[in-house]
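Subject: Structure for you, with notes on the ligand site

Hello,

Here is the structure I promised to pass on. Please open it first, then read my notes on the ligand and its pocket.

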Amino acid sequence: MQLLNADDYRAAARRHLPKGLFEYIDRGTEAELAIADIRRSLDNIRFRPSVLTGHAGSNMTTSLFDRTYCSPLIIAPTALAGLVSHDGETKLARVASKLGIPFCVSTQSVTSIDDIRKGAPEAELWLQLYVWRNRDLTWGLLDRAQKAGVSTLVITADTPLSPKRDYNQRNGFSVPFVPSLRGVWDVATRPKWLCSVMLRYLMTSGMPTYAHYLAEFKTAITRAAIAEDVKIESAISWADIAEIQKRWSGRIIIKGVLSVDDAIRARDMGIDGIVVSSHGGRNLDVALAPADVLPEIVDAVGAEMLVMADSGIRRGSDALKYLALGCRAVMVGRLPLYGLAAGGEQGALDILTMLIDEMHSNLVFAGAKDIDALRTAGIA
Ligand SMILES: Cc1cc2nc3c(=O)[nH]c(=O)nc-3n(C[C@H](O)[C@H](O)[C@H](O)COP(=O)(O)O)c2cc1C
């Protein structure tokens, strides 16, 4: 079947992946209200097109910090991308490199930042940081990232706890993988994934798990003893951000901001950027949708700091809507994962190329020669 839009890729991902893993990627939390709200917030936006503009092309060139990019896109950090396809994170890094965009590696990646660097020497790598309860381990990860040539640290601020995902409790999905009858049956029903991903890991590096965590965490048996150390810090605060500023010489971005006050506080501390995000509807199920708060945040801090956004981008027009609301770049999370599942590295490249093509054609239809023009012509 030809894959012509995000829904086609999503359906292919559903066919290929074990149910527990597909649902982990695809679904939200609790009553899944946030996902619906993100969709509503984007679907309600319309552009006011200009006609007879006399230009046939569109230019999406964007400057972020000191670099210029062809497209205002960043591959978002997604935990366990390496379970979707063997070496999935390295594949995403190479895709980002081909498209000339950054790839933000998750703290919870299956391949470590050093190994991703080896597999994608040209890629612009950012690292997403979950602050662990054990700060020494956290600072160790920063050192590792610095050595791997990471330019930008993205501190996730909206995940003080593991969210409640009833469906994953029911279908037995967990990391490290704890064998259960249901889990084994789930995996057995996806023989292609089993051979191309799971068995490949088992025959090379062993049971896939979080690569940046201590070796002891990687086996289910010893996990309980050290799990406290690498639990995400629930009490993370602005003081932690100040501490990280002292320890990290690169740029710092805070991800998961949805309030003007927090954005102002970040700006006043000298933070380089924020991502206005509701984590793709995967955390607080009753969080505001990013599109509903983005304009006021951009008004407050957009002139002095880089404002990005994410959540719910499935078509080029969704990305353009966030950009028209004033952010300078967008992150995409699930789309590249659907692409990876459907067709490995090529699939991820294809789905993001499709997204960029859709962005271009929507700009042309809107009569905007570039994103600034779209912002000015604006939202109806
Ligand atoms: C499977 C999956 C895992 C994720 N893991 C992380 C993570 O480790 N750290 C983080 O900051 N955000 C994580 N996110 C959130 C994404 O970075 C991003 O905010 C979100 O996916 C954007 O919404 P979208 O998927 O609709 O594009 C994850 C998202 C998904 C789908």
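The shell around the ligand counts 23 residues. Pro77, Ser106, Thr156, Asp310 and Gly312 are the closest of them. Please keep in mind that this is a predicted model.

Thr156 places a polar side-chain atom 2.6 Å from an oxygen atom of the ligand. Asp310 also has a polar side-chain atom 2.6 Å from a ligand oxygen. For Arg314, the distance from a polar side-chain atom to an oxygen atom of the ligand is 3.0 Å. On its own the ligand would expose 600 Å², and the protein buries 99% of that.

Which kinds of residue make up the shell? Eight are nonpolar, 10 are polar and five are charged.

Now the pocket. The ligand takes up the space of the largest pocket. Two elements give two or more residues each to the shell around the ligand: helix 2 (19-26) and helix 16 (334-366).

How much space lies in the largest pocket? The figure is about 1200 Å³. Its lining is made of 48 residues. Tyr24, Gln108, Ser162, Arg165 and Tyr210 lie nearest the centre of the pocket. Several elements give two or more residues to this lining: helix 2, helix 8 (166-171), helix 11 (220-227), strand 10 (329-332) and helix 16. Helix 16 provides the largest share, with three residues.

By class, the pocket lining holds 22 nonpolar residues, 17 polar ones and nine charged ones.

For your set-up, the side chains to display are Thr156, Asp310 and Arg314.

Best regards

Conventions: Residues numbered from 1 in each chain as written. Predicted model: local features only at pLDDT ≥ 70, side-chain atom pairs only at ≥ 80, totals over all residues. Heavy atoms only, no water. Near = heavy atom within 4 Å. Polar contact = N/O pair within 3.5 Å; in protein donor to acceptor, adjacent residues only side chain to side chain. Areas by Shrake-Rupley, 256 points an atom, 1.4 Å probe, with all protein chains shown as cover. 1 Å grid on protein atoms, 1.4 Å probe; cavity = no way out; pocket = protein on both sides within 12 Å on 5 of 7 lines; lining within 4 Å. Sits in = over half its atoms within 2 Å of the grid points. Helix = DSSP H or I, 4+ residues; strand = E, 2+ residues; numbered from the N terminus. Nonpolar A, V, L, I, M, F, W, Y, C, P; charged D, E, K, R; others polar. Points joined across faces, edges and corners; volume = space filled by probe spheres on them.
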